[in-house]
Amino acid sequence: MIDTDFDAQERSRWAGRAEAYARSFGRLCAYPAEALLDAGACATAALLACARVD
């Protein structure tokens, strides 16, 4: 993994907050991708193709 200034800043802001996130938004955000893809009638491959950065 390549660390950047952004990575360092994000890690410092989240330090010590993982448990609180897991108890609140963690459950909400845990695994919505499959359901969202199904609801949008999208294929995972199509999503990945669109998100790929060259």
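Me: How many salt bridges does the structure hold, and by what rule is a salt bridge counted?
Reply: The count comes to one salt bridge, where the rule asks for a side-chain nitrogen of Lys or Arg within 4 Å of a carboxyl oxygen of Asp or Glu. This is a predicted model, in which local features need pLDDT of at least 70 and side-chain atom pairs pLDDT 80 or more, while totals for chains, interfaces and linings use all residues. Residues are numbered from 1 along each chain as its sequence is written, and side-chain values use heavy atoms, leaving out hydrogens and water.

Me: What makes Arg-23 and Glu-19 a salt bridge?
Reply: The N to O distance between their side chains is 4.0 Å, so the pair meets the limit of within 4 Å. Side chains of opposite charge can pair when their charged atoms come close. Arg-23 and Glu-19 both lie in helix H2, four residues apart, about one turn of the helix.

Me: Why is Arg-23 called exposed?
Reply: Exposed means over 50% relative accessible area, buried under 20%, and partly exposed in between (1.4 Å probe, protein chains only). Arg-23 has 55% relative accessibility, so Arg-23 counts as exposed. Glu-19 is exposed too, with a relative accessible area of 61%.

Me: What kind of aromatic pair do Trp-14 and Tyr-21 form?
Reply: The structure holds one aromatic pair. The ring centres of Trp-14 and Tyr-21 are 5.4 Å apart and the planes stand at 85°, so the pair is edge-to-face. Rings of Phe, Tyr and Trp (its six-membered ring) pair if their centres lie within 6.5 Å; planes under 30 degrees apart are stacked, over 60 edge-to-face, and the rest tilted.

Me: Are Trp-14 and Tyr-21 buried, exposed or partly exposed?
Reply: Trp-14 has 46% relative accessibility and so counts as partly exposed. Tyr-21, at 33%, therefore also counts as partly exposed.

Me: Which residues make the nonpolar surface patch?
Reply: Trp-14, Tyr-21, Phe-25 and Leu-28 make a patch of about 460 Å². Patch residues have over 30% relative accessible area and no salt bridge; nonpolar side chains (Val, Leu, Ile, Met, Phe, Trp, Tyr) are joined within 5 Å, like charges within 9 Å. Helix H2 (residues 18–29) gives the largest share, three residues.

Me: What makes H2 hardly covered?
Reply: The count of buried residues among its 12 residues is one.

Note on methods. Accessible areas come from the Shrake-Rupley method with a 1.4 Å probe; for residues, only the protein chains shown count as cover. Helices (H or I, at least four residues) and strands (E, at least two) are DSSP runs, numbered from the N terminus.
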